[in-house]
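The following note sets out, point by point, what may be read from the coordinates. It is intended to be consulted alongside the sequence.

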2 protein chains.
Amino acid sequence: MNKHKKIGLFGFGTVGKGFYENLKKQPHLPATIEKVCVKRVDLPRIGHELYFTDNPDELLLDPDIDIIVELIDDADAAKKYVHTALRNGKNVISANKKMIGESLSEVDFWHSEFESTLLYEAAVGGGIPIVHAIDGFLRDQEVTKIRGILNGSSNYILTQMQQNNWDFEKALLDAQNKGFAERNPTLDVSGVDASYKLLILAYHAFGEVFSMNSFNAESIENVSKENIKKARLKGKKIKPVATIERLGSEITCTVKPELVSPNDELYSIDFENNAISVDTLISGKHTAAGKGAGSLPTGSAVLEDLKRILNGFSYQVKKESKILI
Amino acid sequence: MNKHKKIGLFGFGTVGKGFYENLKKQPHLPATIEKVCVKRVDLPRIGHELYFTDNPDELLLDPDIDIIVELIDDADAAKKYVHTALRNGKNVISANKKMIGESLSEVDFWHSEFESTLLYEAAVGGGIPIVHAIDGFLRDQEVTKIRGILNGSSNYILTQMQQNNWDFEKALLDAQNKGFAERNPTLDVSGVDASYKLLILAYHAFGEVFSMNSFNAESIENVSKENIKKARLKGKKIKPVATIERLGSEITCTVKPELVSPNDELYSIDFENNAISVDTLISGKHTAAGKGAGSLPTGSAVLEDLKRILNGFSYQVKKESKILI
């Protein structure tokens, strides 16, 4: 815990505001938001005491800014900002699952190339500290399988179909109205969003970068009222399950609607909640569950990453290639 | 990561061997077991390369030993060793739930009194990193409730009663034969063991030391075959559930057999597995599950504490009273 750190924040949407609110509640933390880069500086906002700009370089080139927190939607812009920040010796926190998931080869290179630290807990599982757990707690154990519910929108939709006997379209509309699904829900319901997250987890579990092409993703769009009813009659539920499994040198990755029984740890995970189970050779199966999205849980995951950076923490996947532990 | 550290290990039973085995698999860690203190040095053992002694002072007074790892059964002796080690400037890892749970007021004092660090992840939940999670991830959020299955023996017994239609005595005998329950099972089945663990978690969640007297503990001995059968007919299970809840200034603590339905996250936790759910105001409910006991999971929890010490980590509950973060 050294000198007070200055933060440059990209994005002031749902997660950005959650991070700002959470940080305000912890005045003892030696870090302050110095500048915020947004697309439109003229919009009315909370956070009047903050300095807003629409020029990324005001943050990236400012030698006084120690830490960049990247919470924007645009994956291409995010990648550029994160790369520049790391190159300029700034530590970086990102919540961009698409950018991290799509760019894992670069991320792996950044980890080994730059002294600065890049953390992205909020990119997977919202408030569940799963990247940290897999990277730190399980990294030195052999992981054989990761299986979970990694997409809150899909789980919310299937839960509402199950509980109200709705069809997919009606449940999707409800999820959109309540803010649990995007206007364009394709990334979520198709399994692509969950695949990105699984790629990130697999990278930290296995230390290897897998490609999106290795995935077998099946949309939940084709789940019918009848499928759900049949499942219910058997005492089961249909859940959006993402799995990556290693058998010898063979790796299989799937994201698909799956029939789940009450003795399965995913059965009780309803609505927008996420859960992740990790099978390890030494210490068996570990499961973690919680809110997978939302302003405050995700903002709190970003805040945890900030504390880790203030404490000098880096991912083991990075350290492996550089120093001892 | 500085110089190579020397470890003094107390105890070479199940957990001690698990720790030793796990540490051997991580030769990159800058720490080695220097001396082991056991009751009987004349017994044949694995670990021929180790130096065994029956004199605690050979470890506690050796200025070359940096870290004491305490993995013995005797809570009174453990307390003495841990206190002496901390006073002598050594960092300490303990897995002794009875000692930590019974001595929380002293533990709290030790945290603030001594520069040296005391960690005890393995005292609660075996391989589940729950003390660390509650202390680090949740400490700055308001925790409202902790609920879980914290005793593997009780859960194993109730699971076998449920699955095989056995009565308590038969299931207990089976648990003892398979090593999932002690010869004297009172601490486990009465709820006292789970109460100790809950006390430790509550201390890290609320930053307060509660007394064992605040607990309402009910034994699982009185659960009958008929109770289990009735539960099954309703599609439910009976689980050994420990709960601590805060409502305003009111705290309630219970450990008792509880009727649990499939939508409850504890329903799928069978046999010797443990699970813990933490309700927070900001980020909702977090659940973690995994093997609650056993040589390797617990040994691996001790190893994680070792890594934390090597990285300079201390509990926030300690830091709160001393430094900023």
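1. In this predicted model, helix α1 of chain B, residues 14-24, has buried residues B:V15, B:G16, B:G18, B:F19, B:Y20, B:N22 and B:L23. These buried residues pack against four elements of chain B, namely β1 (5-10), β2 (31-37), β4 (67-70) and α12.

2. In chain A, helix α1 (residues 14-24) packs with helix α12 (residues 295-310) at an angle of about 65°, the axes being 7 Å apart. The crossing of α1(A) and α12(A) is right-handed. On the side of α1(A), the contact is formed by A:T14, A:V15, A:K17, A:G18, A:F19, A:E21, A:N22 and A:L23, which meet A:S295, A:L296, A:T298, A:G299, A:S300, A:V302 and A:L303 in α12(A). Sorted by class, the residues of this contact are 6 nonpolar, 7 polar and 2 charged.

3. A further helix pair in chain A consists of α7 (residues 152-164) and α8 (residues 168-177), whose axes come within 9 Å and cross at roughly 125°. The two helices are therefore oblique to each other. The crossing of α7(A) past α8(A) is right-handed. From α7(A), residues A:S153, A:Y156, A:I157, A:Q160 and A:M161 take part, and they meet A:F168, A:A171, A:L172, A:D174 and A:A175 of α8(A). This contact divides into 7 nonpolar, 2 polar and 1 charged residues.

4. The loop between α7 and α8 of chain A holds A:N165. Although A:N165 is not a glycine, its phi is positive, about 60°. A:N165 counts as exposed, because 12 C-beta neighbours lie inside 10 Å. In chain B, B:N165 is placed in the loop between α7 (152-164) and α8 (168-177). B:N165 likewise is not a glycine and has a positive phi of about 60°. With 12 C-beta neighbours inside 10 Å, B:N165 too counts as exposed.

5. Is A:E169 buried or exposed? This residue belongs to helix α8 of chain A. A:E169 has 10 other C-beta atoms within 10 Å and is therefore exposed. Between A:E169 and A:K318 the sequence separation is 149 residues, and their C-alpha atoms are 43 Å apart in space.

6. For α8 of chain B, the buried residues are B:F168, B:A171, B:L172 and B:A175. Viewed down the axis of α8(B), these fall within an arc of 100°, so they line one face of the helix. The exposed residues B:E169 and B:N177 are carried on the face turned away from that buried side. The buried residues of α8(B) pack against α7 of chain B. After α8(B) comes B:G179, which has a positive phi near 80°.

7. Helix α5 of chain B (residues 104-113) has B:L104, B:V107 and B:H111 as buried residues. Seen down the axis of α5(B), the buried residues fall within an arc of 55°, so they line one face of the helix. On the face of α5(B) turned away from the buried side are the exposed residues B:S105 and B:S112.

8. B:A293 is buried, because 21 other C-beta atoms lie within 10 Å. The C-alpha atoms of B:A293 and B:Y120 are separated by 14 Å, while the two residues are 173 residues apart along the chain.

9. The last point concerns the contact between the chains. Chain B gives 38 residues to the contact and chain A gives 37 residues. On the side of chain B that touches chain A, the elements giving two or more residues are α6 (130-137), β12 (284-291) and α12 (295-310) of chain B. The largest share of that side, 8 residues, comes from β12(B). By class, the side of chain B that touches chain A comprises 18 nonpolar, 13 polar and 7 charged residues.

Terms used:
Residues numbered from 1 in each chain as written. Chains lettered and ligands numbered in written order. Predicted model: local features only at pLDDT ≥ 70, side-chain atom pairs only at ≥ 80, totals over all residues. Axes fitted to C-alpha atoms, helices over the stretch in contact; angles between N-to-C directions. Parallel < 35°, antiparallel > 145°, perpendicular 65-115°, else oblique. Left-handed = near helix turned anticlockwise from the far one by under 90°. Contact = placed C-beta atoms within 7 Å. Nonpolar A, V, L, I, M, F, W, Y, C, P; charged D, E, K, R; others polar. Buried ≥ 20, exposed ≤ 12 C-beta atoms within 10 Å, placed from the backbone. Arc of directions from axis to C-beta.
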